[in-house]
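Here is a friendly walk through the structure shown below.

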Amino acid sequence: MHRAGFRMSARPVLRGGLRLESHKARPLEHSVQLLPAPSIAVLALDQGSGEEARAVVTPGTRVRVGTRVAAGIGAAADLHSPVSGEVRAVELRPTASGQGTCIVVASDGRDEREPGLAPLNWSTLDGAALLEALAGGGLAGFGGAAFPTAGKLALARVAGVELLLLNGAECEPWICCDDALLRERASDVVLGTRVMLAACGATRATIALEDDKPEARAALEAALAAAGDARLAIVVLPAVFPLGAEGLLIAAVTGREVPTGALPPEVGVVCQNVGTAAAVARYVSAGMPALTRLVTVTGSGVRRPANLEARIGTPVAELVAACGGYGDTPPAARLIAGGSLTGRALATDAVPVTKGLNCVLVATAADLPWREAQVPCIRCGDCAAVCPVALLPQQLHRAARADDLAGLARFGLTDCIECGCCDYVCPSAIPLTAGFRAARERQQLHEAERRRAVETKARYERHRRRQGEQAEAERRAFEAARRRAQSDGAGRA
Amino acid sequence: MEFPTSASPQVIAGYTVPRVMFQVLLALAPVLAVQVYLYGPGPLWLVAVACVTALASEALALALRRRPSQAALRDGSVLVTAVLLALAVPPLLPWWLLVFGTAFAVLIGKHAYGGLGQNPFNPAMVGYAVLLVSFPLEMTRWPVPGPEWDALTGATALDALRTGLRQGYTMQEVRAGAEFGRLGAAGSEWVNLAALAGGAYLLGRRIIRWQIPVAMLAGLAVPAALAHGLDPGAHAGATFHLASGATMLGAFFIATDPVSAATSDRGRLLYGAGIGLVTWIIRSWGGYPDGVAFAVLLMNLAVPLLDRVTVPRIHGHP
């Protein structure tokens, strides 16, 4: 029988970071609740990766459950309709990332399945064929980044990775949908892991989760034992924020640091979220593309916090309603997509569920107190002590304020993972992370301007050269003509 | 439903600058208590004078700079400067001298450079140095502690040691004087112990981190112990240096001022060690009885360099 391997790291697994009070208990009191299909599904073309898929339907198109409605491109995966019905519009709507183009599908309530969706006999396929099959499933990083799974696995296969790392490190203190998933569907995670192993060509897989999830760990151990695949192991890590960040998790598990500017395959690792693994399992075993995901709906501003299985495209308002709606006392002060540290504040609950949406935090003022007024930096260095990538945020802050591009580069602005630890501990309440984000945008702008200037200069120089050549040619022609005229004249003389 | 938006992270710990400063003031309470016990109510009076002067100077500076004054006055940083200066000067210092020193510390040491977070030099030590250079006599006359504390004023133990040795007395003869106690200087050894206790509290509450105090104490104690080991007749030992003058106050409260200190962990080790070493050099061969203030100011000068050469290796960089 397979024995799961454990490793409790003796060395600190993470430099800095925060040990935060957990708020995961309440949604985990009940099992995952299946949410009914929405009457209107709003499918954002950008599912969380920052890139929009290309819509292949137009208003009036009839769709079924599993019909492809948008084609993947770059960092966007294929997108499928989660309901059967009719496309009503392809239009701009509020989304978790602010605003984006969405395909609006009105459900006919019949949930007719797209014909031809069938289970995949994955164990008979070779790596390349399996990757191609997975690409049709609309699978994307369910941890939040929503990067196309097949693309990531294909990159890993080309690079010849050795380890497939399954990220179950759910370090945000309010989010627990991966915990719920592991408790209830550990065998899906194991199956999905084995499929992805076959697809990416790695020799082994490690499923990483934290020591604050004993139930999830037990369920996973049982599933691993049942699968009997010796290539799979568990690693249990301490619950420290932000250990779930890809580069930090890789370092904690393997001791290898992904070089700055490079991707994990550089150190022989490919990382996938456990939720993604479960989606892969559903795709191969039922033929269903990624149409649903687990979302934690939590916070003191919602009556019954829960983990929901919602179809992609369901408005957040319906998730909150399924959890008893907004509470009155105290009222909800903010609506956060994601966690309390890295989440995005939503302006409205009309935004739809995307593949990258792991949590809806309905926060009261007590859950997430508003920041106090900012005071000057006193260089206390608490930010540097907690920075998991060993930056000096106080120095970056100073460089950002002075718009000192050289300083920003020297102090590693591009290495910032925007986890927010520095903000969290700053006694001066300085919005450091927001400042770094803005500085990075300015840096990119500056870089683009510089490139444009270089191109313009090159173009101008080419133009000058051509002009010079032309002038030279004209001069030569003139000289030749003059000489000819002279010699003609001499001949006549 | 509509909601207000905000940038991530959506929550912060909310451990604010005023709370940090309050903890520092709290940790200074034992130092003040011991001084009052040793020297009578003089130090209390000086602390009050310094605090009033500091708040008035801060308000004036903010008004001149046209900055909002409420939050800045309440952040407590100027009170820490005032209390540190009041505890560092001799307890019988004329009050108007302290007014001058405090006003100089706040107006020139702090606000001339841009206020909180911008001053390259520790403001309290700027005030102290100006007073020491301008009024050397008043600044070096300390009461000899005891029941008749108001009767005797004289040199400090550090002073007596230096002048005594220069005049050809032996270490034994010098240390038999009334200025000396069990560990270091009479009286000030208790002040040092109180500062050590306050510093331990700050370390425990994680208001300060260990790098600067440990490095400074080591930077002072190691050369002192080495010199004492080589020539016990000419150099006092590590214990004497640790328990005399402003050593502990300097290590835990003055050198740890984050604004004027180096900012990376490695930089702070070098910064602290430098302060300790320069203190020992000034005490051994300098013209002033104690060297902590000048050592701090000299190392403040080195901070930009230290910050430049001690940038830690970033994750993923070679």
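## Backbone details

A:Glu418 counts as partly exposed, because 19 C-beta neighbours lie inside 10 Å and a buried residue would need 20 or more. Keep in mind that this is a predicted model. A:Glu418 sits in the loop between α10 (405–410) and α11 of chain A. Although A:Glu418 is not a glycine, its phi is positive, at about 55 degrees.

A:Asp111 is another non-glycine residue with a positive phi, here near 50 degrees. Its place is the loop between β8 (98–107) and α1 (127–135) of chain A. A:Asp111 has 14 C-beta neighbours inside 10 Å and so counts as partly exposed.

The model also has cis peptide bonds to look at. One joins A:Phe241 and A:Pro242, with omega about 0 degrees. A:Pro242 belongs to the loop between β11 (232–237) and α5 (246–254) of chain A. In chain B, the bond from B:Ser8 to B:Pro9 is cis, and its omega is near -5 degrees. B:Pro9 falls in the segment before α1 (17–39) of chain B.

These backbone angles can be set side by side:

| Site | Angle | Value |
|---|---|---|
| A:Glu418 | phi | about 55 degrees |
| A:Asp111 | phi | near 50 degrees |
| A:Phe241 to A:Pro242 | omega | about 0 degrees |
| B:Ser8 to B:Pro9 | omega | near -5 degrees |

## Chain A and its sheets

Chain A contains 12 helices and 17 strands. Along the principal axes, its C-alpha atoms fill a box of roughly 115 × 65 × 50 Å. Of the 493 residues in chain A, 53% are buried. Looking at contacts in chain A between residues at least 6 apart in sequence, 74% join residues at least 24 apart.

One open sheet of chain A has 4 strands with antiparallel pairing, in the order β2-β8-β7-β4. Its edge strands are β2 (40–44) and β4 (62–63), each of which pairs on one side only. Strand β4(A) meets β7 (residues 85–95) of chain A over 2 antiparallel bridges, and A:Val63 stands opposite A:Gly85 in β7(A).

Another open sheet of chain A has 3 strands in the order β3-β5-β6, and its pairing is antiparallel. β3 (54–55) and β6 (79–80) of chain A are at the edges with a single partner strand each, so one side of each has no neighbour in the sheet. Strand β5 (residues 68–71) of chain A pairs with β6(A) over 2 antiparallel bridges; there, A:Leu79 in β6(A) is the bridge partner of A:Ala70.

## The core and the contact between chains

Which members of the largest nonpolar core touch the most others? Among its 256 residues they are A:Leu243, A:Leu249, A:Val295 and A:Val360. Helix α3 (residues 177–200) of chain A gives this core its largest share, 13 residues. The core lies between domain 1 (17–138) and domain 2 (152–309) of chain B, because both give residues to it. Leaving aside residues up to four places away in sequence, A:Val360 touches A:Val295, A:Val297, A:Val316, A:Leu319, A:Val320, A:Leu335 and A:Ala337.

The contact between the chains takes 52 residues from chain A and 34 residues from chain B. On the side of chain A, the elements giving two or more residues include β15 (334–337), β16 (344–346) and α12 (432–492). The residues on this side divide into 30 nonpolar, 13 polar and 9 charged.

Key: Residues numbered from 1 in each chain as written. Chains lettered and ligands numbered in written order. Predicted model: local features only at pLDDT ≥ 70, side-chain atom pairs only at ≥ 80, totals over all residues. Core = buried A, V, L, I, M, F, W, Y, C linked by C-beta atoms within 7 Å. Buried ≥ 20, exposed ≤ 12 C-beta atoms within 10 Å, placed from the backbone. Domains from an automatic or database assignment. Contact = placed C-beta atoms within 7 Å. Pairing = 2+ DSSP bridges. Nonpolar A, V, L, I, M, F, W, Y, C, P; charged D, E, K, R; others polar.
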